[in-house]
Amino acid sequence: MTQRVAVHTRLKAGKEAEYDRVHAAIPPELAERLRAAGVLDWRIWRSGRELFHEIEVTDYRAMRTALADDPVNLAWQARMAELLDVEDDYSGDDTGLPLVWSLA
């Protein structure tokens, strides 16, 4: 069974183009670590500074735990901290956004 988790983040003002450029091709080693941690797909939509992530993963909490101290993820999160209003250190009990409605 897989989970589909939605997450919302916000860019710092003026960082939209840089964020798009950085995400045009993430480092292959990061993609490898995400897959190893159970991520099947990760999509991001952007509206202005607002980012909406949809993550398909085998176990969201286990993925975050696996990546919390991973050096490849730590380097990526440091880079993202330059662009995001609030950085994510992969600690805490994040469970994503609550599902309000589904047509399914």
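**Exercise 1. Which element gives the most to the lining of the second largest pocket?**

*Solution.* The model is predicted: local features need pLDDT of at least 70, side-chain atom pairs count only at pLDDT 80 or more, and totals for chains, interfaces and linings use all residues. Residues are numbered from 1 along each chain as its sequence is written, and side-chain values use heavy atoms, with hydrogens and water left out.

Step 1. On a 1 Å grid over the protein atoms alone, a pocket is an open set of points where a 1.4 Å probe fits, with protein on both sides within 12 Å along at least five of seven lines; a lining residue has an atom within 4 Å of a point.

Step 2. The lining consists of R4, V5, A6, E54, T95, L97, P98, L99, W101 and S102.

Step 3. Strand β1 (3-10) contributes the most, with three residues. Strands are DSSP runs of E with at least two residues, and helices are runs of H or I with at least four.

Step 4. By class, six lining residues are nonpolar, two polar and two charged. The space in this pocket is about 250 Å³.

**Exercise 2. Is Y90 buried or exposed, and what is its phi?**

*Solution.* Step 1. Y90 is placed in the segment after α4.

Step 1. Y90 counts as buried because its relative accessibility is 8%; buried means under 20%, exposed over 50%, and partly exposed in between (1.4 Å probe, protein chains only).

Step 2. The phi of Y90 is positive, about 65°, although Y90 is not a glycine. Most residues other than glycine have a negative phi.

**Exercise 3. Which residue forms a salt bridge with R33, and where do the two partners lie?**

*Solution.* Step 1. A salt bridge needs a side-chain nitrogen of Lys or Arg within 4 Å of a carboxyl oxygen of Asp or Glu. The structure holds twelve such bridges.

Step 1. R33 pairs with D70, at 2.7 Å from N to O. The pair links distant parts of the chain, D70 being in the loop between α3 and α4 and R33 in helix α2, 37 residues apart.

Step 2. D70 is buried because its relative accessibility is 12%, whereas R33, at 28%, is partly exposed.

Step 3. Another bridge joins R43 to D41, with the closest N and O atoms 2.8 Å apart. Salt bridges that share partners also join K15, E18, R79 and E82 into one network.

**Exercise 4. Which residues form a nonpolar patch on the surface?**

*Solution.* Step 1. The patch is formed by V100, W101 and L103, with about 470 Å² of accessible area together. Patch residues have over 30% relative accessible area and no salt bridge; nonpolar side chains are joined within 5 Å, like charges within 9 Å. Areas come from the Shrake-Rupley method with a 1.4 Å probe.

Step 1. V100 is in the segment after α4 (71-81), and its relative accessibility of 78% is why V100 counts as exposed.

Note on methods:
Grid points are joined across faces, edges and corners, and a volume is the space filled by probe spheres set on the points. Ala, Val, Leu, Ile, Met, Phe, Trp, Tyr, Cys and Pro count as nonpolar, Asp, Glu, Lys and Arg as charged, and the others, Gly among them, as polar.
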